[in-house]
Amino acid sequence: MGRVKVTPRIVVTGKIPNAGLEVLRNAGLNPQAWSQDTAMTRQELLQQVKGAEILVTLLTEKVDGELLDAAGSQLKAVCNVAVGYNNIDVAACKARGVTVTNTPGVLTDATADIALALILMVTRRLAEGERVIRGKTSWQWGMHYMLGAGITNRVLGVVGMGAIGIATARRAKACGMSIIYFSRSEINAKIANELGASKVSLDELLATSDVVSIHCPSNDSTHHLIGKTQFEKMKNTAFLINTARGPIVDEQALVDALRNHEIAGAGLDVFEFEPKINAGLLDRDDVVLIPHLGSATTETRNAMAVLAADNAVAIVNGRAPLTPVG
Ligand code: GLV
């Protein structure tokens, strides 16, 4: 008699596109997948992860020591369906021998599109204009009516020149902007050349840019990277764009900088205490606020789910994951 093959327990902690579940099923796995649109409560999560060999997680789930212990020592990997992984305590995973993977690459263009959209929306006052129409406020075309700031011949400062920063820079260059960047590492010379982009210090970037766009990862070293001191260094005609992660910006300092006219406006897709929004932002016309839509296209979300599932399948089968973190 052959031995009974035990299928590893794979827990998908949030609702993901079927494309991802299919990858798991086609590999002979039987994912236990949360099927509701709203996230599990913490208690449900701690219960569901018990005995899992692989967790497929969303950015809304905090993966910390408590959760890893609740899962148990058989846990092999946490496969995040996001490029950002600040929801995961990577050191705690490492200490337990748990591999962490993310989904880089597949959401680069979608997120860069949103960064460009926010740049245009906030500099040209598009959300404010739309509120005029929808609010049925009377208006009339006028030479001085609702003037914004053009971006042609202006400087985009990219904070974090990884794939998404580069893709945003390409879009901005196509709109006539020149590019400077602040990054841990030098970018490929060919890309720097194509973009005409030069690497500068953060202080120089803040002092020189007309638009500062954030694309670095969120971690201990980038927490509140942009705060009171940095806003003071920015031009008072400059705009801040954040499509990366909320905690990189000190949100209260941002509200204060806007109130004090230290900067001209902000376009935000992410928030420090998401989904809560600082009340000081809500009634301001000089900010554009959208609910974390960076990767929100059908094809991108499918691709993210598939990549996370591919990572899970590789790990279950003893192969190296495609996109490990760290
Ligand atoms: C989305 O925010 C992501 O990190 O994938």
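Guide: A polar contact is a pair of N or O atoms within 3.5 Å. This is a predicted model in which local features need pLDDT of at least 70 and side-chain atom pairs count only at pLDDT 80 or more, while totals for chains, interfaces and linings use all residues. Residues are numbered from 1 along each chain as its sequence is written, and side-chain values use heavy atoms, with hydrogens and water left out.

Visitor: Which polar side-chain atom lies 2.6 Å from an oxygen atom of the ligand?

Guide: That atom belongs to Arg-245, and a polar side-chain atom of His-292 lies 2.7 Å from an oxygen atom of the ligand. Val-83 takes part through its backbone, where an N or O atom lies 2.8 Å from a ligand oxygen. With accessible areas taken from the Shrake-Rupley method with a 1.4 Å probe, the protein covers 91% of the 190 Å² that the ligand has on its own.

Visitor: Which residues are around the ligand, and what is the shell by class?

Guide: A residue is counted if one of its heavy atoms lies within 4 Å of the ligand, and here the list is Leu-59, Ala-82, Val-83, Gly-84, Leu-107, Arg-245, His-292 and Met-304. By class, five of them are nonpolar, two polar and one charged, where Gly counts as polar and Arg as charged.

Visitor: How many cavities of 30 Å³ or more are there?

Guide: A cavity is a set of points on a 1 Å grid over the protein atoms alone where a 1.4 Å probe fits but cannot get out, with lining residues having an atom within 4 Å of a point. The count comes to one cavity of 30 Å³ or more, and about 30 Å³ of space lies in the largest cavity. Its lining includes Asn-242, Gly-246, Glu-251, Phe-271 and Glu-272, and by class the lining has five nonpolar, two polar and two charged residues.

Visitor: In what order do the five strands form an open sheet?

Guide: Strands of a sheet pair through backbone hydrogen bonds, either parallel or antiparallel. Strands are DSSP runs of E with at least two residues, and two of them pair if DSSP finds at least two bridges between them. The order here is S2-S1-S3-S4-S5, with parallel pairing. Strand S2 (32–33) and strand S5 (99–101) each have a single partner strand, so one side of each is left without a neighbour in the sheet. Within this sheet, four bridges join S3 (residues 54–57) to S4 (residues 77–80), and Thr-57 stands opposite Asn-80 in S4.

Visitor: In what order do the seven strands form an open sheet?

Guide: The order is S8-S7-S6-S9-S10-S11-S12, and the pairing is again parallel. Its edge strands, S8 (198–199) and S12 (287–289), each pair on one side only. S7 (residues 178–182) and S8 pair over two bridges, with Ile-180 opposite Ser-198 in S8.

Visitor: Where is Pro-275, and what joins Glu-274 and Pro-275?

Guide: Pro-275 sits in the loop between strand S11 (265–268) and helix H12 (279–282), helices being DSSP runs of H or I with at least four residues. A cis peptide bond joins Glu-274 and Pro-275, with omega about 5 degrees. In another loop, between helix H6 (126–134) and strand S6 (155–159), Lys-136 is found, and its phi is near 55 degrees, a positive value in a residue other than glycine.

Methods. A polar contact is a pair of N or O atoms within 3.5 Å; within protein, one must be able to donate a hydrogen and the other to accept it, and residues adjacent in sequence count only if both atoms are side-chain atoms. On a 1 Å grid over the protein atoms alone, a cavity is a set of points where a 1.4 Å probe fits but cannot get out, and a pocket is an open set with protein on both sides within 12 Å along at least five of seven lines; lining residues have an atom within 4 Å of a point. Grid points are joined across faces, edges and corners, and a volume is the space filled by probe spheres set on the points.
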